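Me: I would like to learn how to read a few features of a structure with you. Could we take them one by one, with the general idea before the case?

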Amino acid sequence: MLPCRWLGWFFFIHYYLQLRIPETNVASPVSSTHSTLEDYSSSDSEQGSDHSEPEITPRQLIASLMRMERSPRRREENEEEVVVEDDGNWLSSDSDEEEKRATLEEVFEIEPSIECVRDQPPDLNVGSEVIDVEFHPSEHLLVVANFDREIICYKCSKEKTEEVGNTHHHSDSLRCIKFTKDGSVLFTGSKDLSVAAIDTTTWRVKKQFFKAHRSPVYSVCAIDENTFASGDDDGTVKLWDIRRAKAVFKFKCGEETVNSMITDDNGRTLVAALDDGSLAAFNTSRRKLIVQSEMYDTSLSCLAVVRNGTRLAVGSDIGSLFLFKWGEFALHYDKVAEQHSKLNCLVPVGDGRLVSGSDDGYIRAINLYPHNYAGVVGRNSKYGIENISVSCDQRYLASCSNDEVVQFWDLQHLYQTKKRKKSCLARDLKNNLGSARERNPTQFFADMSEEVHSDEEYRGPAQRPRNVE
């Protein structure tokens, strides 16, 4: 019995000899097979007088096929020969440089991928795990706090990010950083139980309080250029004045971590979100507790002031967003639908929008009044979003996760998105905006033409198979 591949070659050559195709310069497996049969060709065909096809017996054909099987290297070299057409439609391996530089987008006439179009600063690799990020309130500067106890300041532009200053004054990893409203002072909190105030013009320490807490500091909040608040892992809130030697106010809110703190524009009211599921509001001028809210079934993780300072948005571990009226912190009055993932951070964008970072790695935009999700600003495919910050011109968003990279996102696409009166939660939670660097599944065929041209003639509908009754 002959192998199947030999039979295939036999029928192919037999069909080729019957067609009597004239000789061309095109190299193919048939030409390579014909070259192996030169020993069996007639003298007339060698001289090329009448171009008659040689008469080959089956035994000679099988012998030539066996010879080809014994020399696979020669067969592969013949198959890899370059095809050259007289009209120049088929290009050889020595093609022009212009053809080599042709991209898939140019060949198939489609739009470039979203990943190739960048309108924000390039992603920044710090070299150590990033703990917190904070944009300067009036300049295009980004401050990064990392796990190696460093605070690094970068100047950000669309083309590049370059380092302009740094400081190293804590003995353990940093936990939080926060600018004052004018950006002249940066307050820091660390795991080494200390808090400090940094002059942003010289990047030197103005004041550092050692052993400020009995537990590691988890959050800080700037009140003015001289006053700030700090919260630790044991639920203690302290008020500091850098002109004095020790804390001017102390209050024990509970037994669990103070996750976040925020103040109003005039700095009179300070609100703290606790891990035990409560809010605590303080009067900073009178230095006393105003009210502590009802206990919620979930931890309260992040805070943001919206609606011209009249509303307080509070994120939770279950993904719910609670809305409080400013000054009425006992119980929330409204609630935004859950996204089934912990909210780690919140920042206001404009007056009626929020941007949230969650444990599932998504950065989502939330519309207020009416309440719905505008879409996905960006996503970290490996880790959850720990902290986010918005630039001074509200154009760029910086995010950090449990890795060494700071990612930047362009918020211009969010501003071009109109608010919808009706929404679908399942769709909006996965709806990628233009800044997300990912296409939606419904946009898979968006850059393909509706009509696909074919070289074959249209011969009407396909005929019904004969074996089908």
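Me: Let us begin with burial: is β28 largely enclosed or open?

Reply: Happy to. Buried means under 20% relative accessible area, exposed means over 50%, and partly exposed lies in between (1.4 Å probe, protein chains only). Strands are DSSP runs of E with at least two residues, helices are runs of H or I with at least four, and both are numbered from the N terminus. In this predicted model, 5 of the 6 residues of β28 are buried, so β28 is largely enclosed by the rest of the structure. Asp-410 is one of the buried residues, because its relative accessibility is 2%.

Me: Before we go on, what should I know about the numbering and the values?

Reply: Residues are numbered from 1 along each chain as its sequence is written, and side-chain values use heavy atoms, with hydrogens and water left out. Since the model is predicted, local features need pLDDT of at least 70 and side-chain atom pairs count only at pLDDT 80 or more, while totals for chains, interfaces and linings use all residues.

Me: Which strands pair with β28?

Reply: Two strands pair if DSSP finds at least two bridges between them. Strand β1 (residues 124-125) pairs with β28 in the antiparallel sense over 2 bridges, and Asn-125 stands opposite Val-405 there. β27 also runs antiparallel to β28, with 5 bridges. Tyr-396 has Asp-410 in β28 as its bridge partner. A hairpin of 4 residues joins β27 to β28.

Me: Now salt bridges. How many does the structure hold?

Reply: A salt bridge is a side-chain nitrogen of Lys or Arg within 4 Å of a carboxyl oxygen of Asp or Glu. The structure holds 7 of them. Arg-395 is partly exposed, with a relative accessible area of 25%, whereas Asp-410 is buried at 2%.

Me: What do the side chains of Asp-233 and Arg-175 form?

Reply: They form a salt bridge, at 3.5 Å from N to O. Asp-233 lies in the loop between β11 (227-232) and β12 (236-241) and Arg-175 in strand β6 (residues 174-179), so the pair ties together parts that are 58 residues apart in sequence. Asp-233 is partly exposed, with a relative accessible area of 21%, and Arg-175 is partly exposed at 23%.

Me: And which residue forms a salt bridge with Lys-342?

Reply: That is Asp-317, the closest N and O atoms being 3.9 Å apart. Lys-342 sits in the loop between β21 (334-336) and β22 (343-348) and Asp-317 in the loop between β19 (311-316) and β20 (321-325), so this pair ties together parts that are 25 residues apart in sequence. Lys-342 is partly exposed at 30% relative accessible area, and Asp-317 is partly exposed at 27%.

Me: How do I read a charged surface patch, and which residues form the negative one?

Reply: Patches are made of residues with over 30% relative accessible area and no salt bridge, with like charges joined within 9 Å. Asp and Glu count as negative, Lys and Arg as positive, and His and the chain ends are not counted. Here a negative surface patch is formed by Glu-129, Asp-148, Glu-150, Glu-163 and Glu-404. Among them, Glu-163 is in strand β5 (residues 161-167), and Glu-163 counts as partly exposed at 45% relative accessibility.

Me: Last topic, the backbone. Where is a cis peptide bond?

Reply: Most residues other than glycine have a negative phi, and most peptide bonds are trans. A cis peptide bond joins Tyr-369 and Pro-370, with omega about 0°. Pro-370 is in the loop between β24 (362-367) and β25 (372-379). Tyr-369 also has a positive phi, near 60°, and is partly exposed at 30% relative accessibility.

Me: What is the phi of Arg-307?

Reply: Arg-307 has a positive phi of about 55°, although it is not a glycine. Arg-307 is in the loop between β18 (300-306) and β19, and its relative accessibility of 34% makes it partly exposed.

Terms used. Patch = residues over 30% accessible without salt bridge, like charges linked within 9 Å, V, L, I, M, F, W, Y side chains within 5 Å. Areas by Shrake-Rupley, 256 points an atom, 1.4 Å probe, with all protein chains shown as cover. Charge placed at Lys NZ, Arg CZ, Asp CG, Glu CD.
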